[in-house]
Amino acid sequence: MVSISFNIKEWFNTKPTVNNLLSDKLLIIPIAITVLYFYINPELPSITNTSLSLLPAIFTADLISGIYHIASDNYFGNLEPIRTLADGSRHHHKEPGAMIHTPIKENFKEAIFNNIPLYTFSILLSPFYKELSLFIITSCHIANLSQLSHKYSHIRSHHLKLPFGVKLLQDWHILLNPNIHKKHHTSYDENFAVLNGWSSFISNRLFISLKSNSLFWKRIGFDFTEAH
Ligand SMILES: [Zn+2]
Ligand SMILES: [Zn+2]
């Protein structure tokens, strides 16, 4: 059961460690953001616009997952809790099977934590560009599924039981196909997107371009010179 009691003063006084920040309270954020958006913009969006934006939102969600993954695999700075999350991401390369046993709640919490800056940005944008704001919020909501989809791809790679529907969605590349994700665990320099891989052609190019500007990124803690 998720507690919804929230003390702002206590939150500000909390030391920003991963354990403190990845609390169950994070699970409230997507609901709170949705409520806040409709409080600011009470008019319901048109069904046609919503349907048309669904595929681009899934694509954007996948791209978001790829960008976060590139950042977390290659961050070596000392800014917490980003450093601990990055260490966790690299640990996953050493022990990919460990994530199979992660509770679903934890998969959601990590993705939601990563989406906080985008959620905040979309709410600040909502009084001025409501359609764009709603699109970003929807993309973030979908991106919250990315670590779960990532976990399912590892479960299938280990030939463990998965619901038939999940396997079907993996075969249709609506969820992350294990064969696509295996390439990341071979080279660590491609296929960073973990929702379904639709946007990998962009994140793969982005990684190559970051690699070629590695001196700049090293100054702020990122090391793209080699795959980690
Ligand atoms: Zn990785
Ligand atoms: Zn993986």
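Me: Where does Pro-81 lie?
Reply: This is a predicted model, in which local features need pLDDT of at least 70, side-chain atom pairs count only at pLDDT 80 or more, and totals for chains, interfaces and linings use all residues. Residues are numbered from 1 along each chain as its sequence is written, while chains are lettered from A and ligands numbered from 1 in the order in which they are written. A cis peptide bond joins Glu-80 and Pro-81, with omega at about 5°. As for its place, Pro-81 is in the loop between helix 5 and helix 6 (82-94).

Me: Of the 228 residues of the protein chain, what percentage count as buried?
Reply: A residue is buried if 20 or more other C-beta atoms, placed from the backbone, lie within 10 Å of its own, exposed if 12 or fewer do, and partly exposed in between. By that rule, the share of the 228 residues of the protein chain that count as buried is 30%.

Me: Which element gives the most residues to the largest nonpolar core?
Reply: A nonpolar core is a set of buried Ala, Val, Leu, Ile, Met, Phe, Trp, Tyr and Cys residues joined through C-beta atoms within 7 Å. The largest one here has 29 residues, and those with the most contacts inside it are Ala-61, Ile-137, Ile-142, Ala-143 and Leu-195. Two or more residues of this core come from each of helix 3 (29-40), helix 5 (54-73), helix 7 (104-125), helix 8 (130-143) and helix 9. With 7 residues, the element that gives the most is helix 5.

Me: What angle do helix 5 and helix 12 make where they pack?
Reply: Axes are lines fitted to C-alpha atoms, for helices over the stretch in contact, and angles run from 0 to 180 degrees between N-to-C directions. Leu-63, Gly-66, Ile-67 and Ile-70 in helix 5 meet Ser-200, Ile-202, Ser-203, Leu-206 and Phe-207 in helix 12, contact being taken as C-beta atoms, placed from the backbone, within 7 Å. The residues of this contact divide into 6 nonpolar, 3 polar and no charged, where Ala, Val, Leu, Ile, Met, Phe, Trp, Tyr, Cys and Pro count as nonpolar, Asp, Glu, Lys and Arg as charged, and the others, Gly among them, as polar. The axes of helix 5 and helix 12 are 9 Å apart, and the angle is about 25°.

Me: Which residues does Phe-207 touch, not counting those up to four places away in sequence?
Reply: Phe-207 has its place in helix 12 (residues 200-212), and it counts as buried because it has 23 C-beta neighbours inside 10 Å. Phe-224 is 17 residues away from Phe-207 in sequence, and the two are 7.8 Å apart in space, C-alpha to C-alpha. Once residues up to four places away in sequence are set aside, Phe-207 touches Ile-70, Asp-189 and Phe-192.

Me: What separates the C-alpha atoms of Val-194 and Leu-176?
Reply: Val-194 is found in the loop between helix 11 and helix 12, and it counts as buried because 27 C-beta neighbours lie inside 10 Å. Leaving out residues up to four places away in sequence, Val-194 touches Ser-65, His-69, Ser-146, Ser-149, His-150, Leu-176 and His-181. Although Val-194 and Leu-176 are 18 residues apart along the chain, their C-alpha atoms are separated by 6.1 Å.

Me: Is His-173 buried or exposed?
Reply: His-173 lies in the loop between helix 10 (164-171) and helix 11, and it has a positive phi of about 60° although it is not a glycine. Because there are 12 other C-beta atoms within 10 Å, His-173 is exposed.

Me: Is Asn-191 buried or exposed?
Reply: Asn-191 lies in the loop between helix 11 and helix 12, and its phi is near 50°, a positive value in a residue other than glycine. Because it has 24 C-beta neighbours inside 10 Å, Asn-191 counts as buried.

Terms used:
Helices (H or I, at least four residues) and strands (E, at least two) are DSSP runs, numbered from the N terminus. Two residues are in contact if their C-beta atoms, placed from the backbone, lie within 7 Å.
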